[in-house]
Amino acid sequence: MDNSRTPFSRRSAQAQQARTRALDVRRMLVAAGLSALAVAGAIAIAALTPGRAQAAALDQFKQFVASTQSAKGAFTQRLVRNENGNAKVVNTSSGSFVFSRPGKFIWTYQKPYEQVIQADGEKLFIYDKDLNQVTTKKLGNALGSSPAAILFGSNDLEKNFNLKEAGAKDGLEWLEAVPKSKDTTFDSIGIGLKNGTPVAMELHDSFGQVSVLSFDSFEKNPPLKVNSFSFTIPKGADVFSN
C-alpha cells in the first residue's frame, strides 16, 4: 500500500485490500482444509528429485499415520491456472506449520503477507496481522472429510475417505483420497509420499479447481509444549465469531 496517499485514499485501498484478504482467507482455509479454493484450471508440479523404487503409497501412508502423532515443517502453496493450454502459476505463498493430531494445528502464512490459521482442538482462529482482525468458529466435525484431516485429523481416515493407489509421478508414490461424504466441496485429494512422509498434496474441488501444497523440513513427533496450540487474541484486534 502507498503510504503517501491521502487518508481517504488509504481507506479505499484498505477496503480493497480487505476484499482481497477475504478471498485469500478462503484459499488458506483450503490449505488448512476447511473451505473451497477459488483458483481455476489444471495443475503442474515442479519435478522433484527421482528416488529409488519405494513402498506403495498406501503402505507409506499407513506407516505415516501410525508413527506420527505430531509434526512441524514448512510449506509452499502454488495456485496454477491453465491459460490457452499452458499451465501458469498465478499465486505463490509460503510459511510454516505445526500440528498435533487430532485437531490441533497452527498454519502460518509468512509470505506474501502474514496470516495465521490455528485450531486448539475445539475452536478455529483466523488471524490477519495487517488488519489486526481475528475470526473464530467452532471446529466441530469440520475436519471429517476435508484435506485437513489428512494431516491434522484422527487416525481413522478410511472412515471418511476411500483410499486407492494413484501410481508414481515426479519421484513420489501417490495416493488418492476420495471423500465418502457428499457434503464436501472436494472431489479428490492427491497425496504424494516419499520414504513414509507426505511431500506434496493436490486438492481438487467440485468446481474443477486445484491447489498444490509442497512440504519441506518435515519433522515427525517434535517436542511440543502442552499449551503450544492455545491462541491469544492480539491486543486491540477486532474479533468476529461465526
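Modeller: The accessible surface of the protein comes to about 12500 Å², and carbon and sulfur atoms hold 48% of that area; areas follow the Shrake-Rupley method with a 1.4 Å probe, and for residues only the protein chains shown count as cover. This is a predicted model, in which local features need pLDDT of at least 70 and side-chain atom pairs count only at pLDDT 80 or more, while totals for chains, interfaces and linings use all residues. Residues are numbered from 1 along each chain as its sequence is written, and side-chain values use heavy atoms, with hydrogens and water left out.

Of the 242 residues, 42% count as buried, that is, under 20% relative accessible area with a 1.4 Å probe, protein chains only. The protein has three helices and twelve strands, taken as DSSP runs (H or I, at least four residues, for helices; E, at least two, for strands) and numbered from the N terminus.

The aromatic pairs number 14, where rings of Phe, Tyr and Trp (its six-membered ring) pair if their centres lie within 6.5 Å; planes under 30 degrees apart count as stacked, over 60 as edge-to-face and the rest as tilted. F75 and W107 form a stacked pair, with 4.2 Å between centres and 25 degrees between planes. This pair links distant parts of the chain, since F75 belongs to strand β1 (residues 70-83) and W107 to strand β3, 32 residues apart. F75 counts as buried because its relative accessibility is 2%; W107 is buried too, at 0%. The pair of F97 and F218 is tilted, because the ring centres are 5.6 Å apart and the planes lie at 55 degrees. F97 lies in strand β2 (residues 86-100) and F218 in strand β11 (residues 210-220), so this pair ties together parts 121 residues apart in sequence. Both F97 and F218 are buried. Ring pairs join a cluster that includes F75, F97, F105, W107 and F218.

F105 leads on to the sheet pairing: its bridge partner in β4 is A119. Strands β3 (residues 104-111) and β4 pair antiparallel over six bridges, where pairing requires at least two DSSP bridges, and a hairpin of three residues joins them. Strand β4 (residues 115-120) is mostly covered, with five of its six residues buried. A119 also has a bridge partner in β5, namely L124; β4 and β5 (residues 123-128) run antiparallel, joined by five bridges. Two residues lie between these strands in their hairpin, where G121 takes a positive phi near 100 degrees.

Notes: Buried means under 20% relative accessible area, exposed over 50%, partly exposed in between (1.4 Å probe, protein chains only).
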